[in-house]
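Visitor: I have a model to read, and I am new to this. Please take me through it.

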Amino acid sequence: MKLKLFFLFAFIQLLFAAPATAQCTFKNTAFRSGEFLAYNLYYNWKFVWVKAGTASMYTVQSNYQGRDAFRASLTTRGNNKVDQMFVLRDTLLCYSTLDMAPLYFRKGAREGKRYTVDEVWYTYSGGKTNLRQHRINHEGKHEWHKNTMEECTYDMLNIFLRARSFNPDGWKKGHVVKFPIADGNSIEKGQLRYRGKSTIKADDGKKYRCLELSYMEYDRDDDKYREIVRFYVTDDENHVPIRLDMFLKFGSAKAFLTNMKGVKNPLNSIVQ
């Protein structure tokens, strides 16, 4: 009898604990461990686009605090020529569960003479998302925050991984997906906006049929959404970013795909 009560109690605990993480899970259909994407970076300097450096994104199955997880890293590196005008050094890292619930995010960003670090840790309990946030500002000062959210919350890299598995069938131009977005010291309203389809030529010499998506964050000062990045992703199950238009505080930059390895699904979006 005691054994039956023990298993009953354990089952009840599992029943109530499972939704805490499960509320933010999502089936990954777009990528697999070992995917590597490489890009050329271009920066707009006085109305002229110049080759600014390279970027790469690598996703691999890893381990986070004893559990299986995806680890994704995105790095941008400017070249010496552009460094004389503008220093661009961004390194983004995130961990998520294998079913896409965010676990951790870090962004180290050097734009011009400013360098900042943002970190977010995610835990789940009672059907809520708990966040611990950390920022090191450009003066080297540390800020720590804790927040509990009733809904799933993301950062700019984890939401991108999840968005790659969205099914856009039936979406019309202007369709919006809303979500809270966190960085090291705040939680703002974010959204992905669908802008239709277009054909994009990458720096690998190929043309791809693409879905056009804008990642936008709410700007409290202007009381409106501000576009941060515009993604052109393959119109197939991979949703590989072919081109990215980045709207920076100090100008704008573009990234064009040069190489991809280890993609999960057939590339049916190549235009012959």
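This is a predicted model: local features need pLDDT of at least 70, side-chain atom pairs count only at pLDDT 80 or more; totals for chains, interfaces and linings use all residues.

Guide: Residues are numbered from 1 along each chain as its sequence is written, and side-chain values use heavy atoms, with hydrogens and water left out.

Visitor: How many disulfides does the rule count?

Guide: A disulfide is a pair of cysteine sulfur atoms within 2.5 Å. Here the count is 1 disulfide. Cys24 and Cys152 form it, with sulfur atoms 2.2 Å apart. The link of Cys24 and Cys152 is left-handed, with -105° about the S-S bond.

Visitor: Which parts does the pair tie together?

Guide: Helices (H or I, at least four residues) and strands (E, at least two) are DSSP runs, numbered from the N terminus. Cys24 sits in the loop between α1 (2-22) and β1 (35-45), and Cys152 in the loop between β8 (142-149) and α3 (158-163), so the pair joins parts 128 residues apart in sequence.

Visitor: Is Cys24 buried or exposed?

Guide: Buried means under 20% relative accessible area, exposed over 50%, partly exposed in between (1.4 Å probe, protein chains only). Cys24 is buried, at 1%. Cys152 is buried too, at 16%. Cys94 is buried at 0%, and so is Cys210, at 0%.

Visitor: In which sense do β7 and β8 pair?

Guide: Two strands pair if DSSP finds at least two bridges between them. β7 (residues 128-136) and β8 are antiparallel, over 8 bridges. Asn130 stands opposite Thr148 in β8. Their hairpin has 5 residues between the strands, and Gly140 there takes a positive phi near 85°.
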